[in-house]
Amino acid sequence: MENEALLEKFQTLTDEKNYRELSVYLDDQLITDIAELIHEDPDEADVIINNLSISRAAAAFRILDFPLQEDVIRTLSAAKIAELMNELPADDRTAFLEELPSEAVKELIKLLDPEERRITLSLLGYKENSVGRIMTPDYIAVREEWTVKRVLDYIREYGKDSETIDVIYVIDEKGHLLDDFRIREFLLVSTDTVVHTLMDDRFVSLHANDDQEEAIQVFRMENRVALPVVDDQGILLGIVTIDDMLWIANEEHTEDIQKIGGTEALDEPYLDMPLLKLVKKRVGWLVVLFIGEMLTATAMGFFEDEIAKAVVLALFVPLIISSGGNSGSQASTLIIQAMALGEITVTDWWRVMRREILSGLLLGGVLGCIGFIRILLWNTLFHTYGAHTVLIGATVGISLIGVVLWGTLSGSMLPLVLKKCGADPATSSAPFVATLVDVTGLLIYFSVAYTLMRGILL
């Protein structure tokens, strides 16, 4: 195993205190392998960081999970922390700092060079989860009156400090964004060509206050490796690159999955989170759902007389509420995912409702037929339900149609309603929808039973 060999070699050189060879050896390894080595042996993180070139140390640090980054910082000297913080790209440094307590942020910002401090404070000034927090000011910007030769010379001189040179931006004397070009567009024309003659004024940009989740959709639709970020006046402030978007997309997806599962989003890896903190994240929703399920008992109490007269009705309560809850959970999960992918928006509510009405009727019809046939077959074999088996089967079958229809409508509409109200659609979790449908499903079931069986069993 390569990682095992890396760890063994590292331990050997460390034990021998052969730091000269260790530095050469570590600098020859892949950044991902260095990150894995820190993960495997976090107690030696200071030795690893101190024996890497600072550029490679920063590259390894930026791909670590936040809890491990925090552990690494604690092992380093103030001088090394300052060196590392100043070497990190502005967007990665900001992402790290925003996770720390305010006192720690103040101390780390003091270690930054004046220019890096200015940039960092500027990025931290944007609201949390905005594009401004993840943009970088390291980009290549040229002027429209330049020739292609001058542009290429400029890239050779300053490109090494840019986050990417795949996309070049054109600005005016005041910094307004005029256009953007892929680098190949400069490479495939004569060096005497003036930039202005290549411009078509068709470009896509993000606003610094845009939500990061919205930016993900723009990247997906535009298929770009980087997008410019502007302010209200159209002045180019920075760029956001696809690697940052991939991290954000992963975090958003993880957060949505956790919310759909009926828990608060975890801000640390599962195994790194303290037990009491994990319990705190989960207990809130469990209490809410538990209280909601109490309404189920209340609903059954309301129909106590009906149950006493026809005890057989109670046998199918789990079947009814589980079917409604399952259909609601399915619908909410599908709609939340479709919204996250940008496939539907709040304005599509009527199209969604029409589809779910038809889906609910078809799904409910399938389950209702199965339930009806099962009751008839079971009674034929075991004589379980008495003389009114057909009536009982019809009650269960019709109830299943109503409950599944209601479940699909509730599960599909609730995320859209929450989005319209400015809330996170993922909070309409599957357990929440299931609890809601449990209570209303009982009302539907016993209402159908009372209508069909009044004067016969009830």
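How many residues lie between S5 and S6 in their hairpin, and which residue in the turn has a positive phi? The legends below concern a predicted model, in which local features need pLDDT of at least 70 and side-chain atom pairs count only at pLDDT 80 or more, while totals for chains, interfaces and linings use all residues. Residues are numbered from 1 along each chain as its sequence is written, and side-chain values use heavy atoms, with hydrogens and water left out.

**View 1. The hairpin of S5 and S6.** Five residues separate the two strands, and glycine 234 in the turn has a positive phi of about 80°. S5 and strand S6 (residues 236–241) pair in the antiparallel sense over five bridges (pairing requires that DSSP finds at least two bridges between two strands), and valine 230 stands opposite leucine 236 in S6.

View 2. Strand S4 (residues 206–207) runs parallel to S5 and is joined to it by two bridges, with histidine 207 having valine 230 as its bridge partner in S5.

**View 3. The packing of H9 against H10.** Helix H9 (residues 102–110) and helix H10 (residues 114–124) pack at an angle of about 150°, with their axes 10 Å apart (axes are lines fitted to C-alpha atoms over the stretch in contact, and angles run from 0 to 180 degrees between N-to-C directions). Val105, Ile109 and Lys110 in H9 meet Arg117, Leu121 and Leu124 in H10, where contact means heavy atoms within 4.5 Å.

Note on methods
Helices (H or I, at least four residues) and strands (E, at least two) are DSSP runs, numbered from the N terminus.
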